[in-house]
Amino acid sequence: NGQGILFEYVPSTNTLTKKIDFNAANGSFPYSTLVEASNNRLYGVTPVNGSIYEYNPATNVLTKKFDFSTPSNGQFAYGTLAKGSNGKLYGMTNAGGSQSGVLYEFDVSTNTFTKKHDFVRESGYGPYGSLLLASNGIFYGVTYDGGAAGQGVIFEYNAVTNAYAKKIDFNTYPLGSYPYGGLMRASNTKLYGMTITGGVNDKGVIFEMDPVTNVFTKKHDFEEATGEFPLGNLTQAPNGKLYGLTI
């Protein structure tokens, strides 16, 4: 259908097999990563013809579980679903809701979708990335837009109390601006991420945030010679170093 596929890859035999064709009925153009839930099935989202879907590797069956057909429930889900300590899945949309995006919960045991938070300008809106569950049991994330400077924020969300709080405002040159990806937790328990622009050279930054103290530290300014405009997430390798990509 020209709208994306779900595939299986076997490293030992270097074999790739197409398993599912996405379409207007089950969702189109998936941007996110699959996540395994407690029922051993894989879940994902699509931003176009928006849906939350379930894939059963044992039966090769894909089932649409929720349709983002009502704008108030959110539209354009780009990020990956995150597993909460309660076994439920949490995600965000870039648009819809009361202004621009929502934070939602999906219960895989009951197939229940619940909108938990409407993103608004003052406290950050328009997220593209994913939520991250930190060691303190609280979710952290970033928005691409909104906040005091209109250039995105770092926020925390407590799924137990349903409390959302803005923690950091991005503001171009000192801290960076417009984070497009998400956060990752390193072995030192601190959170790391990137912005696509801002910083000294206006080509993005790497930043660190301590979820215990809420201290934000800019760690690196990107420049043309060593890469500029990062979009994705950082990943920690077994050597303890963080790796990422720029466009």
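**View A. Lys-218 and Asp-221 are joined by a salt bridge.** Their side chains come to 3.2 Å, N to O. A salt bridge here is a side-chain nitrogen of Lys or Arg within 4 Å of a carboxyl oxygen of Asp or Glu. By this rule the count comes to 10 salt bridges. Side chains of opposite charge can pair when their charged atoms come close. Lys-218 has 26% relative accessibility, so Lys-218 counts as partly exposed. The classes are buried (under 20% relative accessible area), exposed (over 50%) and partly exposed (in between), with a 1.4 Å probe and protein chains only. The model is predicted: local features need pLDDT of at least 70 and side-chain atom pairs count only at pLDDT 80 or more, while totals for chains, interfaces and linings use all residues. Residues are numbered from 1 along each chain as its sequence is written, and side-chain values use heavy atoms, with hydrogens and water left out.

**View B. Lys-64 and Asp-67 form a salt bridge.** N and O are 3.0 Å apart in this side-chain pair. Lys-64 is partly exposed because its relative accessibility is 34%. Asp-67 has a relative accessible area of 33%, so Asp-67 is partly exposed.

**View C. A salt bridge links Lys-88 to Glu-105.** The closest N and O atoms lie 3.6 Å apart. This pair connects distant parts of the chain, 17 residues apart. Lys-88 sits in the loop between strand 7 (82–83) and strand 8 (89–92), and Glu-105 in strand 9 (residues 102–107). Strands (E, at least two residues) and helices (H or I, at least four) are DSSP runs numbered from the N terminus. Is each partner buried or exposed, or in between? Lys-88 has 24% relative accessibility, so Lys-88 counts as partly exposed. Glu-105, at 9%, counts as buried.

**View D. Asp-107 is buried yet has no salt bridge.** Asp-107 belongs to strand 9. Which side chain of opposite charge is nearest to Asp-107? Lys-88, at 4.1 Å. For charge, Lys and Arg count as positive, Asp and Glu as negative; His and the chain ends are not counted. The Asp-107 side chain does make a polar contact with the Ser-109 side chain, at 2.5 Å. A polar contact is a pair of N or O atoms within 3.5 Å; within protein, one must be able to donate a hydrogen and the other to accept it, and residues adjacent in sequence count only if both atoms are side-chain atoms. Neighbours within four places in sequence aside, Asp-107 is in contact with Lys-88 and Thr-112. Contact means heavy atoms within 4.5 Å.

**View E. Ser-177 is buried in a loop.** The loop runs between strand 14 and strand 15 (184–185). Ser-177 has 2% relative accessibility, so Ser-177 counts as buried. Its side chain makes a polar contact of 2.8 Å with that of Thr-197. A polar atom of the Ser-177 side chain also lies 3.4 Å from the backbone nitrogen of Gly-198. Beyond four places in sequence, the contacts of Ser-177 include Gln-151, Phe-170 and Thr-172. Thr-195 and Ile-196 are also among them.

**View F. Ile-5, Phe-7, Tyr-9 and Leu-16 make a nonpolar surface patch.** The patch covers about 400 Å². Areas come from the Shrake-Rupley method with a 1.4 Å probe; for residues, only the protein chains shown count as cover. Patch residues have over 30% relative accessible area and no salt bridge; nonpolar side chains (Val, Leu, Ile, Met, Phe, Trp, Tyr) are joined within 5 Å, like charges within 9 Å. Strand 1 (residues 5–10) gives the most, with 3 residues. Phe-7 is in strand 1. Phe-7 is partly exposed because its relative accessible area is 47%.

**View G. Phe-29 and Asp-202 have positive phi values.** Most residues other than glycine have a negative phi. Phi of Phe-29 is near 55°. Phe-29 lies in the loop between strand 2 (15–21) and strand 3 (35–36). Phi of Asp-202 is also near 55°. Asp-202 lies in the loop between strand 16 (191–195) and strand 17 (205–210). Phe-29 is partly exposed at 37%, and Asp-202 is partly exposed at 34%.

**View H. Thr-161 is an exposed loop residue.** Its loop lies between strand 13 (153–158) and strand 14 (163–169). Thr-161 has 52% relative accessibility, so Thr-161 counts as exposed. The C-alpha atoms of Thr-161 and Val-108 are separated by 20 Å.
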